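Please read the points below with the sequence and the model open beside you. They are meant as a colleague's note, to be checked one by one.

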Amino acid sequence: MTVKFQLLGTGAGPGVPSFYCDCIACLEAKEKPHLARTRSGAVLDIGHERILIDASPDLRSQLIKEQIKSLDYLFITHWHYDHFGGIGDLEFYIKLSRKRPLRLFLPPSSVEEFRLAYPFLEDVFKIETWEFGRTYQFGEVKLTVLPARHSIPTAGILLEAEKKVAYFTDTSGLPESTAKRIQGVDALICDSTFHGENWYPHSHMSMVEAIELGNMVRAEHTILTHLAMHYSTPTTVAQIEAELESYPNVSLAYDGMLIEL
Ligand SMILES: [Zn+2]
Ligand SMILES: [Zn+2]
Ligand SMILES: [Zn+2]
């Protein structure tokens, strides 16, 4: 089966490096550009179609880097800038190359916000709304939208093919029903915004909390993503990798990472 799930971006809102910051995380990413983190998003490639999950403000550079030349669907998990800010990058792809509207699945509460922010994009997308609990079939992959716990209504995504992978980019723990539904997944890709103290415990998670959540849902593998790296204790990839040595089933996500399905 030719199904691929790829993380296009693995950074939190400010990205790594941030233009205003010279912490050790940002210096490391400036010195070693392959350790930079663009804002979060992913693509599900089922062979003949590609489903983009979130349109990061870094979308254009992500698609060029991963050599993705066509898209068939766009799923927005929630209406925060770091997840929708790249929508406009698709305008000329759709108008000049694809030449027919792209199906855009929005959070039900964000249709009005989309219309206000992007009136010039209404004819390039076919707007639909996703529903919590609903399963969408893409080729051999089942994609189920599950509630996350974030500052606004936010979807987490469960992908089921040969393997089960849960993608929760922005969440603070999980509602009980969601935790139950993803028990025993092969991989939990989880919000790990903070290293050290969690400044936004109602919206995001720290790395330690993400590892605990992975254990709680008995994930085979926990992959830490949506990393700020500078907050609250700035850290480097080298340092985190040393910290994770005693957790053989935990890995640090990186831009471009491929996850088996
Ligand atoms: Zn920094
Ligand atoms: Zn968010
Ligand atoms: Zn985010």
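1. Which residue with a positive phi follows α7? Arg-218 comes after the helix, and its phi is near 55°. Helices here are DSSP runs of H or I with at least four residues, strands are runs of E with at least two, and both are numbered from the N terminus.

2. The model is predicted, so local features need pLDDT of at least 70 and side-chain atom pairs count only at pLDDT 80 or more, while totals for chains, interfaces and linings use all residues. Residues are numbered from 1 along each chain as its sequence is written, and chains are lettered from A and ligands numbered from 1 in the order in which they are written.

3. In helix α7 (residues 207-216), Met-207, Ala-210, Ile-211, Leu-213 and Gly-214 are buried (20 or more other C-beta atoms within 10 Å of a residue's own, with C-beta atoms placed from the backbone; exposed means 12 or fewer, and partly exposed lies in between). These residues are on the same side of α7, because they cover an arc of only 160° around the axis, taken from the directions from the helix axis to the C-beta atoms.

4. The buried residues of α7 pack against β11 (187-191), β12 (221-225) and β13 (250-252), where contact requires C-beta atoms, placed from the backbone, within 7 Å.

5. These strands belong to an open sheet of seven strands with mixed pairing, in the order β7-β8-β9-β10-β11-β12-β13; two strands pair if DSSP finds at least two bridges between them. The edge strands, β7 (135-138) and β13, each pair on one side only.

Conventions: Contact = placed C-beta atoms within 7 Å.
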